[in-house]
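Me: I would like to learn how to read a protein model feature by feature. Please give the general idea each time, and then the case at hand.

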Amino acid sequence: MDEFRQKGGKKAAIVAITANCILTVLNVAVGLMSGSYALVSEGAHTLSDVVTSIIAYVGFYFGQKPADEEHPIGHGRAEAISGLVIVVFLVVVAWEIMQGAVEKILNPSLITVPETLAAVMAFVGIIVNFGVSEYVINLGKSIKSPAIVADGKHQRTDIFSSIAILVGVVVSNIGYPILDPIIAFVIGGLILRTAYEIGKENIDNIMGKVPSKEFIENIKRVANETPQVKNPHNIKVDYLGSYATVTLHIELDGNMTLDESHKIVHMVQNNIIREIPEVKYVMIHACPIGLDYDHDQEIDI
């Protein structure tokens with residue numbers, strides 16, 4: 001699985017960076033030639049895509065490093081941290097774009113009517129961004145990488161930006177050139193929205209948001225399928241980037257020897273790790289069947 005994830009992460013980074021380098025050059029060049037500030041802004045946006053793809057891959061790379069003495073459960077949170085770095089970068093880019101757009105809106109003399117070439121470039125951007133974003137998001141989901149998925153979602157906002165630019169060029173040529181900087185302002189807003197979504201997802205990851213019911217039920221199912229195991233409960237999940245650690249309690253026959261219960265506990269651990277790829281570490285506490293007590297209370301022997 002690790003080798004598969006490494007290859008997938010590298011492939012996603014290469015595709016995203018290559019596509020966005022080409023789009024950056026074309027957007028800025030065509031934007032300057034055609035007089036479209038919105039298209040130049042989109043060039044800055046695609047340049048940010050290049051930087052965020054690099055950040056996402058760096059986080060992904062460090063997140064794959066094996067556990068060591070200082071990080072006994074691995075480096076998985078590096079991916080979520082890289083997602084937050086992307087958020088900061090996106091906010092800066094959005095601010096610069098929106099600031100320039102407001103300046104033009106307040107000073108209409110600075111606005112020029114975009115040429116038709118800008119519309120052609122916007123259409124090309126729609127096609128390229130759709131293909132790249134779908135590819136990166138699907139690949140990120142397949143390798144369980146929040147950093148790669150975040151990068152793909154960032155790429156997806158460019159589709160709406162390109163659509164807005166295309167409409168803006170048409171309307172500007174009809175007689176409303178003010179729409180070009182307004183579209184640029186909207187692009188900045190879309191970037192801010194993406195920053196919010198990426199930030200929320202990665203903060204939830206770091207802060208230990210409660211997993212889905214389906215995930216918990218899957219853990220219970222695997223535990224119950226192990227011979228002699230009853231009533232898996234008190235399940236807690238902690239996400240570390242692309243993988244998770246799990247703790248849970250299971251009930252076993254109270255007359256078992258320590259050796260027997262120890263073997264079953266390890267069977268459950270191995271089964272969960274084998275059948276649920278997202279789980280990398282499992283810690284299990286064995287309880288005698290039917291023993292009812294508060295797990296938080298002190299117990300006298």
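Me: What is the mean pLDDT of the chain?

Reply: This is a predicted model. Where pLDDT is low, the coordinates should not be read in detail. Here the chain has a mean pLDDT of 80, and 84% of its residues reach 70 or more. Confidence is lowest in helix H2 (residues 37-63), with a mean of 75, and highest in helix H8 (residues 258-275), at 91.

Me: How many Å should helix H4 span, and how far apart are its end C-alpha atoms?

Reply: The expected span is 1.5 Å times one less than the number of residues. Helix H4 (residues 116-142) has 27 residues, so it should span 39 Å. Its end C-alpha atoms are 40 Å apart, which agrees.

Me: Which residue with a positive phi follows H4?

Reply: Most residues other than glycine have a negative phi. After H4 comes Lys144, with a positive phi near 55 degrees. Gln228, which is not a glycine, also has a positive phi, of about 75 degrees. For Asn231 the value is positive too, near 45 degrees.

Me: Where is Gln228, and where is Asn231?

Reply: Gln228 lies in the loop between helix H7 (213-224) and strand S1 (230-240), while Asn231 is in strand S1.

Me: Is Gln228 buried or exposed?

Reply: A residue counts as exposed when its relative accessible area is over 50%. Gln228 has 52%, so it is exposed. Asn231, at 40%, counts as partly exposed.

Me: How many disulfides does the structure hold?

Reply: The test is whether two cysteine sulfur atoms lie within 2.5 Å. The structure holds zero disulfides. As for accessibility, Cys287 is buried because its relative value is 4%, under the 20% cut-off. Cys21 has 36% and counts as partly exposed.

Me: Which residues form the nonpolar patch on the surface?

Reply: A residue needs over 30% relative accessible area to join a patch. The patch here consists of Val102, Ile105, Leu106, Val170, Ile174, Tyr176, Ile178, Ile182, Phe185 and Val186, with about 860 Å² of accessible area together. Val102 is partly exposed at 34%, and its place is in helix H3.

Me: Which helices each supply at least two residues of that patch?

Reply: In an α-helix, residues three or four places apart point the same way. The helices in question are H3 (77-106), H5 (146-174) and H6 (179-207).

How values were computed
Residues are numbered from 1 along each chain as its sequence is written. This is a predicted model: local features need pLDDT of at least 70, side-chain atom pairs count only at pLDDT 80 or more; totals for chains, interfaces and linings use all residues. Side-chain values use heavy atoms; hydrogens and water are left out. Patches are made of residues with over 30% relative accessible area and no salt bridge: like charges are joined within 9 Å, nonpolar side chains (Val, Leu, Ile, Met, Phe, Trp, Tyr) within 5 Å. Accessible areas come from the Shrake-Rupley method with a 1.4 Å probe; for residues, only the protein chains shown count as cover. A salt bridge is a side-chain nitrogen of Lys or Arg within 4 Å of a carboxyl oxygen of Asp or Glu. Helices (H or I, at least four residues) and strands (E, at least two) are DSSP runs, numbered from the N terminus. Buried means under 20% relative accessible area, exposed over 50%, partly exposed in between (1.4 Å probe, protein chains only). pLDDT is the predictor's confidence in each residue, from 0 to 100.
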